[in-house]
Amino acid sequence: MGDTLLRAPTDRRYRLKKIWDRWVPFILSLGLFFAILTVVALLFTVVTTGFHRISWNLILNYPSANPYEAGMRSAILGSIFTVGLSALICIPLSIATAIYLIEYAKGRRFSEVLSYNIANLAGVPSIVFGVVGLGFLVYGLGLGRSVISGAFTLSVLILPLVTITCVEALRTVPDDLRFGAYALGATTLQVVSKIVLPRSLPMMLTGGILGISRALGEAAPILVISGLIFIREDPVSLFSKFTVMPLQLYNWISRPQAAFIELSSAGIIVLLLILLALNSAAIASRQWLMKRVI
Amino acid sequence: MEIDYKKVVSKDVTDLGLFKDSDVVIKTEDLYVSYRDKLAIDRINLEFYKGYITAIIGPSGCGKSTLLRSLNRMNDLIQGAKVGGKVYFNGVDIYSKEIDPVFIRSRIGMVFQRPNPFPFSVFENVAFGLRVNGFKLTKEELRARVKDSLEKAALWDEVKDRLDAHAYSLSGGQQQRLCIARAIAIEPEVILLDEPTVSLDPLSTAKIEELLRSIKNDYTIILVTHNMLQAARVSDITAVMMPDENMVGRIIEYGATSEIFTKPKDKRTEDYISGRIG
Ligand SMILES: Nc1ncnc2c1ncn2[C@@H]1O[C@H](COP(=O)(O)OP(=O)(O)OP(=O)(O)O)[C@@H](O)[C@H]1O
Ligand SMILES: [Mg+2]
């Protein structure tokens, strides 16, 4: 024993392992480094081109042919309406689906098939959702190129992502707690509402925010649904026509004038700020919830 | 070093033949359980009597937990588990179609191997069962019931000043007694305990053993344990479980604890309790 202990450090394989051990974290952190570098480069470009163009005009004005008056009021409102509505549709639906899958139908064939398909749905390109929305909602159901069509399309688009997070959230609740409650004569509904949901809600919330962030950034499916980029009126009802921020930005970027390119950078900053605000809100409410339940 | 069980066994029960039908609270008839078509326990025929503690002992993996879970329909919650044969609770077959497993579990409580208090306050942990079972209690009655349960579980003195403290701030032994208090609060007829002291220190273990003896008259207690000395000290009746050649758990011996530990009939029991196997 003592003999092998003494010999070990000089062993070739052992030395190789030591070297490997030292380099692996370095190689891994290289990946992180490049990711951060890209983000910083992007932010730098956007801020240097667009920062001086941020103004109340940008937020309060309708789009215009004059880049110094143009704003994205209709697009900001359109984004808030459609994404907000899609969150209202998607989050309760995702939570319900996850609860069904994990707490009611766990282990059943149907539940396994369903989980598998939800995972597959998450990999479908977003334009496909747009095309299906166009055929089914806009024309099939006659909802038109409206806020509600856009909201439904977005909610289906983020449903898999949010549902998968909700399922993961439920999985983090130890079975010990469920069994403890069942053994006291609790019904499944009571176990879910009193034990499981309070513990998993913070993580579900994170999933919801992830979904909302994704929906906020989507351009392709909305382009198919709304078909409009240049709108000079607010969306006032579920059936209003609408546009969203990424589409407005896309429109500006594709114009030849440098002033519009700058404007689009300023718009990107606004979009990023909204995302940042959303994420901070999510983190804050998660911390707040965690303090109360755990 | 052989342990002299004669000194520790309880003499409350000497002969199971003295029990009457009216004493039987739970009775199993050719009970078997399989997991995904692999038999885990088979041909279990046991009776559990009111006011007495029955210990189930046997080597790891022989199916003690499986047996326990089939007595209050907790196996319903385990994927792939299938229960056959009969389990009668006060003469009623608990697996018949009309029976609601939720009701069975409120009458037959269970305490688990690892303490699993809920992430609530001490008070709310004990009140949980009362709330979910729809007990109509005033605030004072609820307080009284919680206090009573904690007293029976020998925990009151330690937590009376911190009923609002989080249950996770208690020690492991206190948490396990809290779980017992929680089970007692809804006044079940039967309490199933699955190795309730394995994760505890000797002092906490002694407290729980003492507490079980002190409440046994009001309940039917079934205690799964790995600890021979615990079975001998605490139980009145003992069932010895062993896997057969196909690794299917069977009851090989069943009788008064004083008999099993001092005059085992089966050679395997003798080897097991003297620590030669298992
Ligand atoms: N959920 C399950 N799924 C499949 N097989 C299981 C499951 N639970 C238990 N088994 C199997 O059933 C047999 C009995 O297990 P059980 O847990 O009842 O034994 P035990 O006597 O309680 O063991 P221990 O003393 O280690 O707790 C084992 O072979 C085990 O592998
Ligand atoms: Mg066990």
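This is a predicted model: local features need pLDDT of at least 70, side-chain atom pairs count only at pLDDT 80 or more; totals for chains, interfaces and linings use all residues.
Along the principal axes, the C-alpha atoms of chain B occupy a box of roughly 55 × 50 × 35 Å. The radius of gyration of chain B is 19 Å, in agreement with the value near 19 Å for a compact globule of 278 residues.

Chain A was examined at the level of its domains. Domain 1 of chain A covers residues 2-53, and domain 2 of chain A covers residues 74-293. A distance of 34 Å separates the C-alpha centres of domain 1 and domain 2 of chain A. Contact between the two involves 8 residues of domain 1 of chain A and 8 residues of domain 2 of chain A.

The size of an interface is often expressed as the accessible area lost when the parts come together. Between domain 1 and domain 2 of chain A, the buried area is about 650 Å², with 70% given by carbon and sulfur atoms. Of the area that domain 1 of chain A buries against domain 2 of chain A, 68% is supplied by Val46(A), Thr49(A) and Arg53(A), more than by any other three residues.

Polar interactions also occur across this interface, where 4 residue pairs are in polar contact between domain 1 and domain 2 of chain A. The side of domain 1 of chain A that touches domain 2 of chain A consists, by class, of 4 nonpolar, 3 polar and 1 charged residues. The interface of the two domains of chain A has 1 salt bridge. The side chains of Arg53(A) and Glu262(A) form a salt bridge, with an N to O distance of 3.5 Å.

Technical notes
Residues are numbered from 1 along each chain as its sequence is written. Chains are lettered from A and ligands numbered from 1 in the order in which they are written. Side-chain values use heavy atoms; hydrogens and water are left out. Domain bounds come from an automatic or database domain assignment. Contact means heavy atoms within 4.5 Å. Buried area is the accessible area (1.4 Å probe) that two parts lose on being put together, summed over both. A salt bridge is a side-chain nitrogen of Lys or Arg within 4 Å of a carboxyl oxygen of Asp or Glu. A polar contact is a pair of N or O atoms within 3.5 Å; within protein, one must be able to donate a hydrogen and the other to accept it, and residues adjacent in sequence count only if both atoms are side-chain atoms. Ala, Val, Leu, Ile, Met, Phe, Trp, Tyr, Cys and Pro count as nonpolar, Asp, Glu, Lys and Arg as charged, and the others, Gly among them, as polar. The radius of gyration is taken over C-alpha atoms; the globule rule is 2.2 Å times the number of residues to the power 0.38.
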